[in-house]
Amino acid sequence: MKFGAVRRLLAMSLLLIPLAGVQAGEVENLRLWAAPDHARLVFDLASPTQAQVFPLENPRRLVIDLDDSRMGADLEGLDLTGSAISRIRSGVREGSDLRVVLDLEREVAPRHFVLAPNDQYGHRLVVDLEYPGASAVEDPIDPIEAMIREQEIAAKRAQAQADLGGAAAAPEPETAVQRAQPHPKRDIIIAVDAGHGGEDPGASGPSGTNEKDVVLQIAKRLQQQVDAAKGFRAVMIRDSDYYVGLRQRTQIAREQKADFFVSIHADAFNSPRPSGSSVYALSQRGATSETAQWLAETENQADLIGGVDGNLSLKDKDEVLRGVLLDLTMTATLNDSLSIGGQVLDRLGRINRLHKPRVEQAGFVVLKSPDIPSLLVETGFISNPGEERRLRDPGHQEKMARAIFAGLEEHFRINPPPASLLAWQRDNRRSTAGNEYRIRPGDTLSEIATRHNVPVRRLKQANEINGDVIRVGQVLRIPRS
Ligand SMILES: [Zn+2]
């Protein structure tokens, strides 16, 4: 990322402020980011300024009082679309203080904090309006589908525990009497994460293209691909221009019971030469290369720019996550990530130069999801003029999205989650051989075991069944007795 230009711009705009205005605080600019579950209003300030923020009823308003300040921003020009704010106005209070009033269309839980200057911005007052009860995603998944997925995760974790712990952790035999359940034929949920957003533009290209914009366009194309494929469904971590904290991104994916999480980015380097795509997975041990290490550090800094680092975010689930990270499922998840990563890289290699020939690994915060295989795709180098142009090109964006989807689709066709439509289709296509049995309505595991003269435990082991859930249409391998 190149910050020199931004700094110069900042220095110039400071020079343009009349001297008298420098003494009192001034709101130089206002920016608004509208997300499905909150809006963020950012005041760019000439100097650090304290504020009081409080709600008023009848009609519903939010008042923001700034000590010893004046309004230098154009309130009329601020686009309020998609936010809970219907109107914004300001006035002078007690001679020299500034009062900003937001007319609200719904109930909000406000919180505010000030931020010191960083590479991209000067002093800021951030006012977040959170919408109680609202979901962080536009179109949350069905609760029943979420429950089925939750059962699968629990079974998978129990399986991993049983694999390690041996007989002690093996399921009780009496669970084998439950009747076969109808097959849920659930969708495979793909969490599509467009990197950066809102205040955090990510990297930028020589002609001013922002990473946050091109990756959102690619993400939206990927969403269309996923939703158009039967048996798949996309959940967008962000679907327009606002910032989501790194840990909140994985949190949303977990809440939406995603089977896979893909974070889309564009690389930058301080030389225009490097080009090509790369694919990254999480590493718990250390980075596979110096570039991977450097990149992880750069991407992990996003929260500092977006202004929701650990100390400020109420939604930070770091502690929970750290604990769960030790979970046994992590290794299995990482293996899946690397496998899907290989498929995606292979497809990307057909449409673009590859910057790295293998799936690289480093400690990306955004990939730390213990239950969900996750990848970070650096689609190309936005710092390379040719690649910047391609990243903006709708045709190239479409090819990128297709390549990513083709890679993950291939993985899930071969390894569909048990309750998914794809698993049901696969089993239905199979013509069962003598050592296989297709489950019919009313079957129980113990009956099937008796009929084929094998112990229930062996039947379960051979089919990696944990607990008692069997499904109509599922094909069981019958081990030799
Ligand atoms: Zn990025």
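**A colleague's note on the zinc site and the helices around it**

1. Let's begin at the metal. The zinc ion has as its protein donors H196 (NE2), E211 (OE), H265 (ND1), E299 (OE) and E299 (OE), which lie 2.1 to 2.4 Å from it. Along the chain, these donors follow the spacing H-x14-E-x53-H-x33-E. Please keep in mind as you read that this is a predicted model.

2. H196 sits in the loop between strand 10 (188–194) and helix 4, while H265 belongs to strand 12 (residues 260–267), so the pair ties together parts that are 69 residues apart in sequence. Are these two histidines buried or exposed? H196 has 4% relative accessibility and therefore counts as buried, since the cut-off is under 20%. H265, at 5% relative accessibility, counts as buried too.

3. Step back for a moment to the whole chain. The protein chain has 14 helices and 17 strands. It contains 481 residues, and 52% of them count as buried. Among contacts with a separation of 6 or more, 75% are between residues 24 or more positions apart.

4. Next, look at a pair of helices. Two packed helices are described by the angle between their axes and the distance between the axes. For helix 4 (residues 211–228) and helix 11 (residues 394–414), the axes come within 8 Å and cross at roughly 55°. Helix 4 and helix 11 are therefore oblique to each other, and helix 4 passes helix 11 in a right-handed crossing.

5. Which residues of helix 4 and helix 11 meet? On the helix 4 side you will find V214, Q217, I218, R221, L222, Q225 and V226. Their partners in helix 11 are P394, Q397, E398, M400, A401, R402, I404 and F405. Sorted by class, this contact has 9 nonpolar, 3 polar and 3 charged residues. While you have a helix on screen, remember that an α-helix has 3.6 residues a turn, so residues three or four places apart point the same way.

6. Helix 12 (residues 421–429) deserves a look as well. Its buried residues are L421, L422, A423 and D427. The elements that cover them include strand 10, strand 11 (232–236), helix 11, strand 16 (436–438) and strand 17 (475–477).

7. With a relative accessible area of 29%, R426 is partly exposed. Setting aside neighbours within four places in sequence, R426 is in contact with I414 and P416. The C-alpha atoms of R426 and Q474 are separated by 9.3 Å, although these residues are 48 residues apart along the chain.

Key: Residues are numbered from 1 along each chain as its sequence is written. This is a predicted model: local features need pLDDT of at least 70, side-chain atom pairs count only at pLDDT 80 or more; totals for chains, interfaces and linings use all residues. Side-chain values use heavy atoms; hydrogens and water are left out. Axes are lines fitted to C-alpha atoms, for helices over the stretch in contact, and angles run from 0 to 180 degrees between N-to-C directions. Helices (H or I, at least four residues) and strands (E, at least two) are DSSP runs, numbered from the N terminus. Angles under 35 degrees count as roughly parallel, over 145 as roughly antiparallel, 65 to 115 as roughly perpendicular and the rest as oblique. A crossing is left-handed if the near helix is turned anticlockwise from the far one by less than a right angle, and right-handed if clockwise. Contact means heavy atoms within 4.5 Å. Ala, Val, Leu, Ile, Met, Phe, Trp, Tyr, Cys and Pro count as nonpolar, Asp, Glu, Lys and Arg as charged, and the others, Gly among them, as polar. Donors are N, O and S atoms within 2.8 Å of the metal (3.2 Å for Na, K and Ca); water is not among the atoms, so sites may look incomplete. Buried means under 20% relative accessible area, exposed over 50%, partly exposed in between (1.4 Å probe, protein chains only).
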